[in-house]
Amino acid sequence: MKGINFPVKLRDISKFEELNNISINVYGLESIFEDNKMNIRKNDCNHIYTTTPTTQLRIDKYGREIPKNILQFENFERQMMVPLVVYADFESVLKPIQTCEENPGSSYTNKTFMHEPYSFSYFMKCSFDNSISKFQLYRGPDAAKIFVSTIESDLKEIYNKYLKHAVPMIPLTAAAAEEQSFQDANFCGICGKTFEEDDARVRDHCHLTGRVRPGAAHSVCSLNYKLPNIIPIIFHNIGGYDCHLFIKELCVPGVKVYVLAQNKEK
Ligand SMILES: [Zn+2]
């Protein structure tokens with residue numbers, strides 16, 4: 001406890017951890033939430049708020065009453081694999097910049113080279129039909145501009161062809177194995193909970209292929225089990241460097257660009 005005064009200040013906790021070789025988490029508790037405060041901070045991982053556990057009842061997604069102090073995972077649709085993911089990367093050349101002589105009497109930065117993107121490649125990986133997966137490579141002038149237009153046209157084509165409309169369920173025959181597994185199912189294939197007597201059971205199907213998923217599902221689980229409406233594009237080192245190369249090309253009239261809050265993960 002050397003060098004630490006009581007009551008211990010927050011800034012001394014790291015010192016205390018080092019001296020005692022332990023890890024300490026500090027949580028704050030606020031019983032009153034102000035709407036605007038939550039709105040501002042809800043995306044910031046550095047600010048975590050909690051409420052006092054209570055046994056009051058709430059209605060869960062399945063319409064059942066459960067105590068508020070029981071937390072359980074309910075967003076099963078978020079476990080679904082995205083239909084399409086893109087992996088991309090840029091390469092640049094250093095281009096000399098012609099500048100005029102700065103005033104040697106004052107402090108200045110002399111820019112001598114600029115990075116100019118000259119090449120990009122991306123791979124679109126489709127999770128439900130590998131024949132849709134596609135590799136694209138470009139080397140030449142205006143790489144940033146061509147990247148944005150090429151990827152936009154590729155994504156629009158795939159979206160309109162395969163993702164825009166849900167494929168209807170392929171009808172089952174009475175002898176189909178899926179029909180038998182539906183009849184035999186005693187738990188929901190999506191949430192894993194056992195069916196209760198008054199639960200509505202349905203046949204659940206993949207909206208990309210039309211194939212029926214084996215077993216049965218709660219009606220509410222099947223309705224919520226929607227495809228993710230995002231297509232992630234994963235870049236090599238986008239935050240550190242690559243985004244500077246093409247971010248201006250995304251800023252066109254009529255398009256809103258939202259930036260995710262940075263967290264402590266690289
Ligand atoms: Zn369920």
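A: Leu94 has His115 as its bridge partner in strand 4. Helices (H or I, at least four residues) and strands (E, at least two) are DSSP runs, numbered from the N terminus. Two strands count as paired if DSSP finds at least two bridges between them. The model is a predicted one, in which local features need pLDDT of at least 70 and side-chain atom pairs count only at pLDDT 80 or more, while totals for chains, interfaces and linings use all residues. Residue numbers start from 1 along each chain as its sequence is written.

Strand 4 also pairs with strand 5, in the antiparallel sense and over 6 bridges. Ser119 stands opposite Arg139 in strand 5, Tyr122 stands opposite Gln136, and Phe123 has Phe135 as its bridge partner. Strands of a sheet pair through backbone hydrogen bonds, either parallel or antiparallel.

Together these strands form part of an open sheet of 4 strands, with the order 5-4-3-8 and mixed pairing. Strand 5 and strand 8 (233–235) are at the edges; each has a single partner strand, so one side of each lacks a neighbour in the sheet. From one strand to the next, the twist averages 25°. Strand 5 has 6 residues, of which the number buried is 0, so this strand lies largely in the open. A residue is buried if 20 or more other C-beta atoms lie within 10 Å of its own, exposed if 12 or fewer, and partly exposed in between, with C-beta atoms placed from the backbone.

Helix 3 lies across strand 3, strand 4 and strand 5, and runs at about 15° to strand 4. Such angles run from 0 to 180 degrees between N-to-C directions, with axes as lines fitted to C-alpha atoms, for helices over the stretch in contact. In the loop between strand 5 and helix 3 is Asp142. Its phi is near 55°, a positive value in a residue other than glycine. Asp142 is partly exposed, with 13 other C-beta atoms within 10 Å.

What does the largest nonpolar core contain? It has 10 residues: Leu84, Phe90, Phe120, Tyr122, Met124, Ala143, Ala144, Phe147, Leu245 and Phe246. Strand 3 (84–96), strand 4 (113–126), helix 3 (143–163) and helix 6 (238–250) are the elements that give two or more residues to this core. Here a nonpolar core is a set of buried Ala, Val, Leu, Ile, Met, Phe, Trp, Tyr and Cys residues joined through C-beta atoms within 7 Å. Another core, of 7 residues, lies apart from it; Phe182, Ile190, Cys221 and Tyr225 are among its members. Two residues are in contact if their C-beta atoms, placed from the backbone, lie within 7 Å.

In the chain as a whole there are 6 helices and 8 strands. Along the sequence they follow the pattern α-α-β-β-β-β-β-α-α-β-β-α-β-α. Buried residues make up 9% of the 266 residues. Of the contacts between residues at least 6 apart in sequence, 55% join residues at least 24 apart.

The segment before helix 1 holds Pro7, and the peptide bond from Phe6 to Pro7 is cis, with omega near -10°. Of the 8 residues of helix 1 (residues 13–20), the number buried is 0, so this helix lies largely in the open. Just after helix 1, Asn21 takes a positive phi of about 55°. Asn21 is exposed, with 6 other C-beta atoms within 10 Å. Asn25 is found in the loop between helix 1 and helix 2, and this residue is exposed, with 6 other C-beta atoms within 10 Å.

The average pLDDT (the predictor's confidence in each residue, from 0 to 100) is 82, and 88% of the residues score at least 70. Confidence is highest in strand 5 (residues 134–139), at a mean of 95, and lowest in helix 2 (residues 35–41), at 47. Over residues 36–41 pLDDT stays under 50, and for these residues the model has 2 contacts beyond four places in sequence.
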